[in-house]
Amino acid sequence: MAKARVKVPKSVKKGEVFQVKTLISHKMETGLRKNKKTGKKIPRKIINNFVCTYDGKEVFSSDWHPAVSANPYLAFYVKATKSGPMNFKWTDDDGKVTDKSVNISVSG
Amino acid sequence: MADKLKPHTYKRREVLALAGTGVVVVVAGIGLFPGAASADAAAVAKAIKKRIGDKPMKSGRITLELPEIAENGNTVPIGFEIDSPMTDNDYVKAVHIFAEKNPNPDVATFRFTPGNGKAKVSTRMRLIKSQNIIAVAEMSDGSVYMTKKAVKVTIGGCGG
Amino acid sequence: MRKSIQGIGALAALAVAFSAFAGTAFAGKDKMNFGKYQVGELRTGYTFSTPETRAIQDDDFENPAFLWVDVGEALWNKKEGKAGKSCASCHKNASASMRGVGARYPVFNKKLGKLQNLEQRINQERVEKMQAKPLKYESKELLGLTMFVRNQSKDMPINVSIDGPAAPFFEKGKKFYFQRRGQLDMACANCHVDNPGGMIRANLLSQGQSNGFPLYRLKWQKPGSLHRRFRGCNKQVRAKPYSYGADEYVNLELYVAWRGQGLPVETPAVRM
């Protein structure tokens, strides 16, 4: 079942700077909330790192803190070099990794 | 931009003062970060220092986009763009975002490479109350820029 | 202009108060062209949202509710239950078979002898046609499938039927809407008919339209059903909420939908 969404243009020209939009479902539990019934703190559980790789290189990354909203949305830009996969990796506090890959089709 | 023509260098003391210029505190209890104390100016200064050390911070080069009024502190859109050619010799290395009155002032760090073509990002953050947002940009030549902007947070205390 | 409300004095004592909106952002918005979100006097909750909240809804990709719509689409195509079927086995392409369906619900169901909303219809399909387990109200799965089905009617006008066998249930829903309840002794109409555009605590009141449901609420940090909203609106006047899927709420759903007859389906909308 889809958990993460990524949007890139269908095709881009070499040298073009294009927008990459990403969205992933995650509660981003801050660690500061209390369970209303038990009064106990709900342990922190967030995605703390995001990495985007393109053309074999890490092109963009981000560290997140509990202040990043639930269901994190992130948009950034990448310059088209050549056709190939673009990989996305979201890492959870507990080490769980969500992976997603899209193909970048570069013309010219 | 006038800012760009005449760079102003912030000293640590000024940052502290800056961080202290609070917007009116909205009286509201919200479930976002309950029970947690807000970060004070010193905590913001400490958080910035942790990221960039003692480097002087200049003004300019950062365009920070925030709503004037955020309906709900859970999801406040934030966007920024750094004025940079983003070439191999001259690019933005990282941008750090801080929220001065959140229980933990750190929001996020974004690391760029020349492969980004432009240093522009949009995302969404949580704000416990009305406050200043601070953006700090580290350039490949070691220089550091800083800007801040106030956001008013209207809190839905009603409407389950 | 501010309209007076009976019993407002008692409310103020309970820290609930309306204030006129003159001078707020809303006054400016009045002159705005709301496009498809306004039909005559009817205005959807979209027109009461800030530009930032509207922007999240405007772009299907930026709208986090679509993470749930994706879950619904996957379920639409997933074979489950003893009959070995998926929704798609019979209904094929939802964009054709489900177009317009969500705009007509809730409807009178002959077999049940009462109204049925979209969530309940979907579960009936699972149980009877697929011999699969019903999905839990407010679960990721039922919200996802309901949003997926209703999204196929996006921008179509709400078009519920209140005649014939639906009429007595519609009357019940209408009665509920105007009935004062809770410690604050307030009816739905006191807020959403008498006072849209006014402020209540920090909230800008809308007409309380249902055309965007299920929707993503920034406050909830996830999508929620119309019944979750009804429960919230009951609780805020300190009235006891009904359970999810209760007949009372399904009848109310028909009345609320009819109030917005002609407004476009916005599902999944984004609200504060």
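So, B:His96 stands opposite B:Thr109 in strand S7 of chain B, where strands are DSSP runs of E with at least two residues, helices are runs of H or I with at least four, and numbering goes from the N terminus. Before I go on, a word on where this comes from. This is a predicted model, so to speak of a local feature we need pLDDT of at least 70, and side-chain atom pairs count only at pLDDT 80 or more, while totals for chains, interfaces and linings use all residues. Residues are numbered from 1 along each chain as its sequence is written, chains are lettered from A and ligands numbered from 1 in the order in which they are written, and side-chain values use heavy atoms, with hydrogens and water left out.

Okay, back to that strand. S7(B) runs antiparallel to strand S6 of chain B, residues 92-99, with five bridges joining them; two strands pair if DSSP finds at least two bridges between them. A hairpin of six residues connects S6(B) to S7(B). And what does S7(B) meet in chain A? Four bridges join S7(B) to strand S5 of chain A, residues 57-64, again antiparallel. In that pairing, A:Trp64 has B:Ala108 as its bridge partner.

Is S7(B) enclosed or open? Five of its six residues are buried, so the strand is largely enclosed by the rest of the structure. Buried here means under 20% relative accessible area, exposed means over 50%, and partly exposed is in between, with a 1.4 Å probe and protein chains only.

Let me zoom out to chain B. It has three helices and ten strands, and 53% of its 160 residues are buried. If you look at contacts in chain B between residues at least 6 apart in sequence, 70% of them join residues at least 24 apart; a contact means heavy atoms within 4.5 Å.

Now, the interface of chain B with chain A. Chain B brings 31 residues to it and chain A brings 27. Together they bury about 2400 Å², 49% of it on carbon and sulfur atoms. Buried area is the accessible area (1.4 Å probe) that two parts lose on being put together, summed over both. Three arginines stand out on the chain B side: B:Arg111, B:Arg124 and B:Arg126 supply 27% of the area that chain B buries against chain A, more than any other three residues.

How many salt bridges are there between chain B and chain A? The count is one, and it joins A:Asp63 to B:Arg111, with the closest N and O atoms 2.3 Å apart. The rule for a salt bridge is a side-chain nitrogen of Lys or Arg within 4 Å of a carboxyl oxygen of Asp or Glu. Strand S7 (106-111) and strand S8 (119-125) of chain B each give at least two residues to the side that touches chain A. S8(B) also pairs with strand S6 of chain A, residues 73-79, in the antiparallel sense over two bridges, and there A:Ala75 stands opposite B:Ser122.

Next, chain C against chain A. Here the contact takes 14 residues from chain C and 15 from chain A, and the buried area is about 1300 Å², with carbon and sulfur atoms giving 65%. Across this interface the rule finds three salt bridges. One pair is A:Arg5 with C:Asp70, at 2.8 Å between the closest N and O atoms. Helix H4 of chain C, residues 65-76, gives six residues, the largest share of the side of chain C that touches chain A. There is also a network of salt bridges linking A:Lys21, C:Asp59 and C:Glu62.

Last stop, inside chain C. C:Asp155 and C:Lys36 form a salt bridge, 3.1 Å between the closest N and O atoms. C:Asp155 is in the loop between helices H9 (140-151) and H10 (167-178), and C:Lys36 in the loop between helix H2 (25-29) and strand S2 (38-39), so the pair ties together parts that are 119 residues apart in sequence. Then C:Lys114 and C:Asp247 meet at 3.0 Å, N to O, in another salt bridge. C:Lys114 sits in strand S5 and C:Asp247 in helix H13 of chain C, so this pair ties together parts 133 residues apart in sequence.

For contrast, C:Lys129 and C:Glu125 also form a salt bridge, at 2.9 Å, but both lie in helix H8, four residues apart, about one turn of the helix. C:Lys129 is partly exposed, at 43% relative accessible area, whereas C:Glu125 is buried, at 17%.
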